[in-house]
Amino acid sequence: ADVTLSQHAAIIQTAKLYDVDITEEDIGRVKAAGNANNDWQVTVDLVNAVQRAKGQPETAKLDQVTKEWEELYQGTEAKLGLWEAETLLVHRPLLAQLSAKYPVGIVTGRPRGDAERFLKQHNIGAFFRIAVCLGEAASKPAPDGIKLCMETLGVTKAVLIGDTPDDIRAGCSAGISALGVVAPTEVDKVAAAKVLTDCGATQVLSEGLHELVHLL
């Protein structure tokens with residue numbers, strides 16, 4: 001999923017509650033550094049880093065930030081949730097084609113409810129045989145979720161496709177090939193592609209991932 005207008009927006013808007021301005025570049029820098037698969041913790045770290053740099057007390061606490069972030073992301077009776085702005089990085093027909101040929105699974109840092117809602121929202125749940133979600137295995141960049149996914153699918157070889165450095169690092173740690181993809185809304189696509197390559201991606205695919213038909 002392209003989460004620029006959803007999860008990233010939730011980070012930026014939550015930070016504003018603490019009078020802290022966060023940009024996409026700030027989020028990209030933290031994600032590139034790794035161990036940034038939990039957006040609640042990323043928000044805490046970004047807010048406290050800015051406050052610390054200004055000589056201010058660090059006021060962002062994980063429990064409170066999680067509550068504020070979730071309210072923005074999930075929405076309320078009065079306001080739509082940011083999750084509704086999420087879009088697919090892979091076109092549905094390509095997913096159908098791949099799933100007809102290979103067993104396909106998902107390893108995600110989302111809670112299971114959020115992951116299943118996204119699959120239903122875009123009518124793609126039938127293409128995935130398993131989803132490993134938040135709390136069901138150690139978070140990426142640890143390879144545990146990928147190994148669990150492969151074990152459940154009954155495969156010993158696999159290819160990971162991811163759009164974050166932690167995705168790519170997790171695939172490499174699991175001993176499989178990792179392909180990168182740059183989100184369409186990335187400000188500097190060349191720089192984003194280089195980050196993925198530097199993390200170990202064997203190739204960075206173009207928008208829509210059309211090369212997959214020929215690579216797999």
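Author: Gladly, beginning with the cavity. Thr108, Cys133, Ala137, Ala138 and Ser139 lie nearest the centre of the largest cavity, among the 13 residues that line it. On a 1 Å grid over the protein atoms alone, a cavity is a set of points where a 1.4 Å probe fits but cannot get out, and lining residues have an atom within 4 Å of a point. This is a predicted model, where local features need pLDDT of at least 70, side-chain atom pairs count only at pLDDT 80 or more, and totals for chains, interfaces and linings use all residues. Residues are numbered from 1 along each chain as its sequence is written, and side-chain values use heavy atoms, leaving out hydrogens and water.

Reader: How many cavities of 30 Å³ or more does the structure hold?

Author: Rolling a probe the size of a water molecule over the atoms shows where empty space is left. Here there is 1 cavity of 30 Å³ or more, and about 80 Å³ of space lies in the largest cavity; a volume is the space filled by probe spheres set on the points, with grid points joined across faces, edges and corners.

Reader: Is Cys199 buried or exposed?

Author: Cys199 is buried, at 14% relative accessible area, whereas Cys172, at 35%, is partly exposed. Buried means under 20%, exposed over 50%, and partly exposed in between (1.4 Å probe, protein chains only).

Technical notes
On a 1 Å grid over the protein atoms alone, a cavity is a set of points where a 1.4 Å probe fits but cannot get out, and a pocket is an open set with protein on both sides within 12 Å along at least five of seven lines; lining residues have an atom within 4 Å of a point.
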